[in-house]
Amino acid sequence: ESGQTPVVKQPAPATPPCQPFLGPLAEAYTGAGSLGWVAIQGNNRVHLRPNKGQRKQHGTKKMQHYLAGLQNVPGGENVGGMPGKGLQGFSGGWYIGDVARIKPMKPTPGHKSHQSGIDVDLTIPKKDGGMSMTKNTRKAGGWGFSRITVAQLDIEVALQFVKYTVAHAKNIFLDQSMINALKVAAKAKIKAGADGWTEDLYRRAFRALYHVPSHANHFHVRLKGPGVNDKRGNGKLDS
């Protein structure tokens with residue numbers, strides 16, 4: 001025997017399901033220039049759905065500002081590793097569906113709003129770093145929204161998303177079952193004094209969150225108005 005104490009190999013620490021929050025909450029972009037009409041750009045954690053033919057990826061500069069800030073919100077770190085969705089090779093982060101047509105003169109097909117550059121559809125975070133999406137085999141690099149349940153919802157990440165978004169948004173549309181789960185979790189954070197949740201933030205957040213049918217597969221965010229030719233800020237052109 002060597003007389004040396006054997007070295008016990010310690011197990012590697014578990015990898016957290018999502019990255020920590022990367023920065024402070026961005027403020028809404030308002031004032032001169034905020035209604036400029038632009039082609040929306042993604043980044044390394046905010047990914048646009050291929051829609052070149054339908055040209056649905058345009059919006060206001062304040063929409064660009066809001067979406068750019070999503071890179072600082074955790075979520076979707078394991079999109080490419082989720083089983084059964086055909087998303088192998090997809091990068092982590094948030095996935096953006098329709099914004100608006102290139103010319104803000106009529107609705108984006110399939111929507112009653114998305115006319116004035118202040119509406120956007122995007123994925124809901126799932127547990128284990130997934131998102132509410134599945135591959136669309138009809139388009140190269142394509143994907144579509146996929147319905148999820150409350151049991152699959154990553155409540156911690158969703159609350160961080162709401163906390164970021166409520167500074168920018170008039171409305172956040174989602175399924176009521178998920179809104180109810182978020183309310184319970186937010187109240188628990190207020191009681192524990194955790195993650196900056198206060199009664200004021202709770203009121204603002206759940207005043208913005210609305211149940212809309214067919215929103216168990218995506219968030220619909222409507223930024224604070226006005227939009228382009230939309231003084232009412234309801235996502236539609238003024239009549």
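# A tour from loop to core

Start by selecting Asn 136, which sits in the loop between strand S8 (133-135) and strand S9 (143-145). Helices (H or I, at least four residues) and strands (E, at least two) are DSSP runs, numbered from the N terminus. This is a predicted model, in which local features need pLDDT of at least 70, side-chain atom pairs count only at pLDDT 80 or more, and totals for chains, interfaces and linings use all residues. Residues are numbered from 1 along each chain as its sequence is written, and side-chain values use heavy atoms, with hydrogens and water left out.

Stay on Asn 136 for a moment. Is it buried or exposed? Asn 136 counts as buried, because its relative accessibility is 17%; buried means under 20% relative accessible area, exposed over 50%, and partly exposed in between (1.4 Å probe, protein chains only). Leaving aside neighbours within four places in sequence, Asn 136 is in contact (heavy atoms within 4.5 Å) with Gly 142, Trp 143 and Gly 144.

**Zoom out**

Now show the whole chain. You can look for four helices and 12 strands. Of the 239 residues, 47% count as buried. The accessible surface comes to about 12100 Å², and 54% of that belongs to carbon and sulfur atoms; these areas come from the Shrake-Rupley method with a 1.4 Å probe, and for residues only the protein chains shown count as cover. Take the contacts between residues at least 6 apart in sequence: 73% of them join residues at least 24 apart.

Next, select strand S5, residues 119-122. Asp 119 and Asp 121 point one way from S5, Val 120 and Leu 122 point the other way, and all are buried. Click on Asp 121 in S5: its relative accessibility is 4%, so Asp 121 counts as buried.

S5 and S12 run antiparallel and are joined by four bridges; two strands pair if DSSP finds at least two bridges between them. Which residue in S12 is the bridge partner of Leu 122? The partner is Phe 219.

Arg 222 counts as buried because its relative accessibility is 10%. Its side chain is joined to that of Asp 119 by a polar contact of 2.8 Å. A polar contact is a pair of N or O atoms within 3.5 Å; within protein, one must be able to donate a hydrogen and the other to accept it, and residues adjacent in sequence count only if both atoms are side-chain atoms. Not counting residues up to four places away in sequence, Arg 222 also touches others, including Ser 113, Ile 118, Lys 170, Phe 173 and Asn 234.

**Into the core**

Go back to Leu 122. In the largest nonpolar core, which has 52 residues, the ones with the most contacts inside it are Tyr 66, Leu 70, Leu 122 and Phe 161. A nonpolar core here is a set of buried Ala, Val, Leu, Ile, Met, Phe, Trp, Tyr and Cys residues joined through side-chain atoms within 4.5 Å. In soluble globular proteins, nonpolar side chains tend to be buried together. Select Leu 70 as well: setting aside neighbours within four places in sequence, Leu 70 is in contact with Arg 45, Val 46, Trp 94, Ile 96, Leu 122, Phe 161 and Tyr 164.

**Helix H4**

Now colour helix H4, residues 199-208, whose buried residues are Leu 201, Tyr 202, Ala 205, Phe 206 and Ala 208. Look down the axis of H4: these buried residues fall within an arc of 150°, so they line one face of the helix. The arc is that of the directions from the helix axis to the C-beta atoms. The buried residues of H4 pack against helix H2 (155-165), strand S10 (169-174), helix H3 (176-192) and strand S11 (209-211).

**Backbone stops**

Finish with some backbone details. Ser 214, in the loop between S11 and S12, has a positive phi of about 70° although it is not a glycine. With 62% relative accessibility, Ser 214 counts as exposed. Asp 128 lies in the loop between strand S6 (125-126) and strand S7 (130-131); it is not a glycine either, and its phi is positive, at about 65°. Asp 128 counts as exposed at 57% relative accessibility. Last, select Pro 226 in the segment after S12: the peptide bond from Gly 225 to Pro 226 is cis, with omega near 5°.
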